[in-house]
Amino acid sequence: MTLNQPPLHGVRVLDFSRIIAGPLCTQQLADLGADVIRVDRPGGQTFATGRYDVLTRGRPSVALDLKNPDAVATVL
């Protein structure tokens with residue numbers, strides 16, 4: 001870690017959480033510099049409130065059906 005990089009720079013986190021505590025924690029990890037990728041179910045988030053949902057800030061997402069072996073391979 002250098003002085004110009006956040007503490008979690010270079011750490012990748014996959015976020016499978018759905019309800020308040022999980023998204024809030026992964027948002028904080030993203031704020032600290034982690035590369036957080038949100039894995040949603042097909043059809044979007046359970047509690048999405050629109051394009052500007054505060055709990056999705058700083059985290060790109062991908063929708064995957066984890067019952068599909070190809071989607072599991074993508075996650076791995």
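Start with F16. Its relative accessibility is 37%, so F16 counts as partly exposed. Keep in mind that this is a predicted model. Where does F16 lie? In the loop between β1 and α1.

Together with L14, L66, V72 and L76, F16 makes a nonpolar surface patch of about 470 Å².

L14 takes us into β1. Which residues of β1 are on the covered face, and which on the uncovered one? V13 and D15 are on the covered face. R12 and L14 are on the uncovered face.

Strands of a sheet pair through backbone hydrogen bonds, either parallel or antiparallel. Here the pairing is parallel, in an open sheet of three strands ordered β1-β2-β3. β1, residues 12-15, and β3, residues 61-63, stand at the edges. Each has a single partner strand, so one side of each is left without a neighbour in the sheet. From one strand to the next, the twist averages 25 degrees.

Look at β1 against β2. β2 covers residues 35-40, and the two strands pair over four bridges. What stands opposite V13 in β2? V36 does. L14, in turn, stands opposite I37 in β2.

Last, the helix. α1 spans residues 21-31 and lies across β1 and β2. Its direction is about 160 degrees to β1.

Methods:
Residues numbered from 1 in each chain as written. Predicted model: local features only at pLDDT ≥ 70, side-chain atom pairs only at ≥ 80, totals over all residues. Heavy atoms only, no water. Pairing = 2+ DSSP bridges. Axes fitted to C-alpha atoms, helices over the stretch in contact; angles between N-to-C directions. Contact = heavy atoms within 4.5 Å. Patch = residues over 30% accessible without salt bridge, like charges linked within 9 Å, V, L, I, M, F, W, Y side chains within 5 Å. Areas by Shrake-Rupley, 256 points an atom, 1.4 Å probe, with all protein chains shown as cover. Salt bridge = Lys/Arg side-chain N within 4 Å of Asp/Glu carboxyl O. Buried < 20%, exposed > 50% of the residue type's maximum accessible area, 1.4 Å probe, protein only.
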